[in-house]
Amino acid sequence: MVAKTVVIHRKFQPETYCVGDDDDDRISELPDDILVVILSLLSLKEAARTSILCSRWINLWKHTNSLDFDAEEAMCKLARASERKLEEEEGLKFIEWVNYVLQSHKAITLKEFKICFDLSEPSQIAVTTWLEYALARRVQRLEFDLSAANSFRYYRADLNCVFPQELLMETNGVGSTSQPPSDTCFFNHHPRTRFDFKHLKVLSLKFVTVTREAIEFFLNNCPLLEKLVVHKITKITNLEICGSSLVLKHLELWYCFDLDSVKVSAPNLTSLSVKVFNELILENVPMLDELTVACGYSDFSVEKLLLFSCISQLESLHLFLNNLEGSTVLCNVPEMPRLKKLVIDYWTHGEESLLALTSLIRASPYLQEFVLKLGWLEISRSDREVESNVRFPHEHLKVVNFCGYYGRSSDVEFVRYFIDNCVVLERLIIDPHTVAYTPRVPISPDIVAEEIVAMDCAKRQLESQVPAHIEWVIL
């Protein structure tokens with residue numbers, strides 16, 4: 001397939017004059033379409049700055065097919081300040097920036113359109129306008145991350161902007177639209193809508209409320225859709241992601257607060273990340289090799305996870321565990337012969353032992369990397385004797401990463417387990433920083449002080465324990 005050539009209209013291209021113009025300026029000799037490709041590799045602000053280099057470059061950035069509006073610096077500023085007035089001011093600046101760029105932009109089609117900023121329901125009109133802009137240009141990758149910068153709105157999905165249902169309405173004629181059917185026939189319906197969704201490959205909606213019918217619409221009307229991400233929504237209780245013709249490879253459903261059950265049947269799916277409150281049904285997922293799932297937070301338990309036939313085909317498993325009480329169930333984990341990476345998120349209580357987690361490691365004979373992300377619910381240390389009588393050789397485990405090391409006796413014995421049993425261990429990473437509840441939000445001074453103490457404990461407790469051939473790092 002021949003790439004489309006970009007030609008800048010003469011009225012948009014002033015007479016060429018470059019400050020410091022000389023024979024060494026080889027880049028400016030390249031054709032416009034090549035220069036536009038180069039500019040697409042830069043951030044949006046960097047690409048716009050090239051307009052001052054030369055009169056020929058003034059309008060080139062306006063033809064890039066990637067628009068990434070990421071204001072991470074402003075987001076961090078909001079997280080630190082946590083002031084309502086500042087949120088409104090920075091939000092207005094962001095909206096004005098996006099609108100200014102879109103008014104200047106000339107590209108007919110878009111490969112990527114990405115918004116990343118803390119925006120809630122008062123910004124709905126702007127969000128709708130941006131969605132219309134991207135969809136009208138047959139966007140391939142559409143990402144809206146309107147995540148809260150601070151903890152106030154982080155768990156308030158009711159304050160989200162919404163994906164406008166009218167963008168999915170059928171067209172019955174000029175200026176006439178109607179709602180798509182909301183019954184079970186909807187998934188087999190092929191409406192004529194305002195926009196052509198057949199080019200969409202990636203759809204990511206975080207802190208953007210979307211309905212079950214809309215999700216089904218995307219699955220049915222986006223034949224190239226390979227990745228679907230939905231975060232922080234409410235009012236969807238049951239969801240089915242099913243279809244023999246789906247090309248979907250990556251599915252992520254996280255913090256969907258009312259989601260009771262999910263059924264997935266997708267022959268091309270390779271990675272799944274989901275948190276449900278009761279039931280997860282996996283059928284016809286022969287390509288699935290990466291699974292992230294939360295267990296024990298409600299009725300969906302480790303016992304239910306172990307019933308999945310696909311567990312033996314996984315190469316990467318990320319578990320969010322709520323408690324290890326009655327953890328004998330972990331002893332019944334079936335062998336996972338293909339598993340290479342295991343990640344466990346867990347909130348610990350006091351001096352609770354972590355050795356129950358080693359059952360998952362022993363069930364993975366070819367495991368190469370293990371990561372534990374430990375959060376602190378109750379901070380305490382004791383002087384109890386450290387146990388080190390568990391023996392089980394791990395012949396392939398090379399990297400162990402312990403995030404949230406606090407210096408408890410249970411932390412030490414957990415590290416000792418790997419030192420004693422990993423035959424080819426190459427790297428041991430000890431990170432004394434606790435898991436943050438919300439990204440970007442500064443950690444309290446009390447927690448910072450605890451992390452400093454934890455770092456000192458790690459040095460004192462482990463320095464003489466780690467053999468010289470193992471590289472160990474304290475972050």
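Predicted model: local features only at pLDDT ≥ 70, side-chain atom pairs only at ≥ 80, totals over all residues.

Guide: Residues are numbered from 1 along each chain as its sequence is written, and side-chain values use heavy atoms, with hydrogens and water left out.

Visitor: Why is Asn401 called buried?

Guide: Buried means under 20% relative accessible area, exposed over 50%, partly exposed in between (1.4 Å probe, protein chains only). Asn401 has 16% relative accessibility, so Asn401 counts as buried.

Visitor: Where does Asn401 lie?

Guide: Asn401 lies in strand E19, residues 399–403. Strands (E) are DSSP runs of at least two residues, helices (H or I) of at least four, numbered from the N terminus. The protein chain has 21 strands and 11 helices.

Visitor: What is Asn401 in contact with, leaving aside neighbours within four places in sequence?

Guide: Phe370, Val371, Leu372 and Ile429. Contact means heavy atoms within 4.5 Å.

Visitor: What makes Cys116 and Cys161 buried?

Guide: Cys116 has a relative accessible area of 6%, so Cys116 is buried. Cys161 is at 0%, so Cys161 counts as buried too.

Visitor: How many disulfides are there?

Guide: A disulfide is a covalent bond between the sulfur atoms of two cysteines. The rule asks for a pair of cysteine sulfur atoms within 2.5 Å. By this rule the count is 0.

Visitor: How much of the protein chain counts as buried?

Guide: Of its 475 residues, 49% do.
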